[in-house]
Amino acid sequence: MIRGLYTAAAGMLTQESRHDTAVQNLANINTPGYKQVNSVARSFPEMLLSMVGGASDVPATRIGKLNTGVFAEEALSLYQQGVIRESSKPTDFALVSDMEMTDPATGQPIRFDGSGKYVNADGEVFYKPEAFFTVQDQNGELRYTKDGSFKVALDGSLLTQEGYQVLDSNNRPIVLTGPADRFKVDEQGYVLNPATGARGARLGVAVVGQPYQMVREGNGVFRIDDPQEAGVRPVGGTDRVEVRQHYIESSNVNASEVMVDMNTALRAYEANQKVIQFYDKSLEKAVNEVGRV
Amino acid sequence: MNNSMISAMVSMNGIQRKLDVIADNIANLDTVGYKQKDTTFEDTLTSVMQQPKDFKQQGRFSPLGYTTGFGVRTGDVFRDLSQGPLEQTNQPMDLAIEGEGMFAVEAGGRRAYTREGAFHFVPDPGAPGSMVLVNNQGYFVLNEKNQHIRVSDKAKVAIDPQGKVLVDRGGAITTAGTLKVLKPLREDELQQMDGNLFVVPARLTENQVFEVPAAGGLPKDTSIRSGYLEQSNVDYMGQITDMMQMQRAYQLAARAIASSDTMMSLANNMRG
């Protein structure tokens with residue numbers, strides 16, 4: 001009996017986390033480059049219940065498996081492309097990427113599902129690679145972002161809204177020499193010379209093979225703790241990645257879906273609370289009525 | 001649930017700031033030379049709840065840790081310096097800048113910059129018999145040598161497309177300098193003052209914020225239109241749709257607060 005009380009309490013905590021995630025998504029409905037987060041829950045490890053006691057000639061009977069709770073395990077970002085919107089600023093950039101992969105077993109192009117994942121017949125999991133701008137935070141650490149609403153500092157360096165330095169393909173800062181309206185970048189990310197049109201430095205765009213390995217840091221950026229495992233590499237010639245100047249990628253949050261998520265979490269929280277109350281009523285009976293003489 | 005409430009509250013603050021910016025733009029729909037402002041959103045710093053090594057289970061996609069954000073906030077306010085439509089006024093001292101640049105004026109001992117070219121001549125009390133060019137707040141308009149534009153009050157004055165001040169005193173046409181028009185290089189550094197004016201912050205110099213003209217005169221591809229005023233470049237439709245979007249986002253955040261409030265009440269009333 002007490003076991004179920006704790007299970008319901010764990011359910012309440014999990015729904016709380018789900019609610020927090022839904023609210024965070026709702027809040028970022030207008031944040032450029034924001035990726036919707038989905039909260040994933042996992043049940044506690046299962047245990048095997050057996051009947052003990054009773055008549056000595058009856059062998060111990062297995063009742064079955066039971067798990068005694070649930071917890072919010074991970075917050076996964078959904079890397080689906082957001083809507084590309086036109087903007088008036090020359091320092092606004094959108095990354096349009098639709099990477100392709102072929103299944104090594106069949107040689108066929110992979111059709112990823114909505115969350116950018118594919119499991120083949122052998123149970124092998126493939127992830128859809130995603131492209132990110134590379135930036136550098138105040139501590140000199142590499143960070144990755146989809147939010148291309150950049151600004152220009154006094155010395156001409158290109159910064160994110162938070163003030164992180166935007167890097168080129170050699171991890172050197174991008175610095176504008178003239179005014180922002182003379183800053184031209186082509187679709188492959190090369191900065192063009194305003195007078196001659198010749199290609200200069202290239203905006204640093206990284207392709208992340210396993211985007212789920214990225215850790216959200218806030219301020220629009222992601223961190224990668226293990227670049228090897230995440231499969232980070234610079235963008236190549238055959239990658240289907242495009243840099244679009246004068247455009248911005250909107251948030252990919254689906255408002256109605258998130259609203260439903262929020263209400264579901266609230267009601268599931270309520271249901272768990274009710275279960276706790278029912279347990280409490282049973283306990284009350286055990287304490288006050290069963291023991292009465 | 002407290003987390004939900006905090007993040008909804010933070011977001012409402014952020015959305016409110018964006019609404020303020022929109023309101024400012026709509027209020028200045030008819031302000032001569034006004035440039036619309038905008039701001040973008042950014043998610044706030046995310047906290048990572050640490051998880052022990054045992055949480056690395058089969059079927060898990062992401063590295064250890066559970067991340068939660070705390071809402072959204074606005075970034076810097078920036079200006080859209082695109083050209084506004086020109087309106088004919090037939091006043092020769094109404095000047096509109098076509099292309100990029102800003103007029104320099106002397107506002108109470110301090111140099112300020114503006115796109116609003118509604119200028120006129122007033123008699124100069126310091127030098128009888130002459131008049132001086134001022135803007136509609138009475139601030140002196142400057143020429144390329146940072147001097148006031150002072151001419152005889154009997155002369156006829158015109159401004160040519162290159163910004164030259166042409167003075168006609170009974171047939172003989174002379175020039176009295178060129179209007180000082182500078183193209184902003186780092187417009188985000190400009191500080192807004194009241195009266196549609198911008199100033200260079202004290203820590204910076206004019207040359208850091210504006211492009212230095214090579215040989216004096218106007219910036220490249222820029223000309224002055226006399227007899228016209230530049231209207232506000234506020235895109236009314238865009239502002240209204242933005243406002244609607246923001247109101248809905250605000251509403252959603254308010255709903256999130258109501259929802260977390262319900263959750264708190266559920267927790268409080270667990271024991272009937």
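How many residue pairs are in polar contact across the interface of chain B and chain A?

1. The model is predicted. In it, 33 residue pairs are in polar contact across the interface of chain B and chain A, with both residues of each pair at pLDDT 80 or more. Several elements of chain B give two or more residues to the side that touches chain A: helix H1 (2-27), strand E1 (37-43), strand E3 (66-68), strand E4 (72-79) and helix H3 (236-268). The largest share of that side comes from H3(B), with 12 residues.

2. By residue type, the side of chain B that touches chain A holds 23 nonpolar, 25 polar and 14 charged residues.

3. Charged side chains also pair across the interface. Between chain B and chain A the count is 7 salt bridges. One salt bridge joins the side chains of A:Arg216 and B:Asp43, at 3.8 Å from N to O.

4. On extent, the contact takes 64 residues from chain A and 62 residues from chain B. Together the two chains bury about 5300 Å², and 54% of this area lies on carbon and sulfur atoms. Within chain B, the residues that lose the most area to chain A are B:Phe61, B:Tyr66 and B:Arg186, which together make up 16% of what that side buries.

5. One annotation concerns chain A. An unreviewed UniProt entry gives residues 244-288 of chain A as "domain: Flagellar basal-body/hook protein C-terminal". In the model, residues 244-288 of chain A are 76% helix and 11% strand.

Methods
Residues numbered from 1 in each chain as written. Chains lettered and ligands numbered in written order. Predicted model: local features only at pLDDT ≥ 70, side-chain atom pairs only at ≥ 80, totals over all residues. Heavy atoms only, no water. UniProt positions renumbered as here; feature names shortened; annotations may be inferred. Helix = DSSP H or I, 4+ residues; strand = E, 2+ residues; numbered from the N terminus. Contact = heavy atoms within 4.5 Å. Buried area = accessible area lost by both parts, 1.4 Å probe. Salt bridge = Lys/Arg side-chain N within 4 Å of Asp/Glu carboxyl O. Polar contact = N/O pair within 3.5 Å; in protein donor to acceptor, adjacent residues only side chain to side chain. Nonpolar A, V, L, I, M, F, W, Y, C, P; charged D, E, K, R; others polar.
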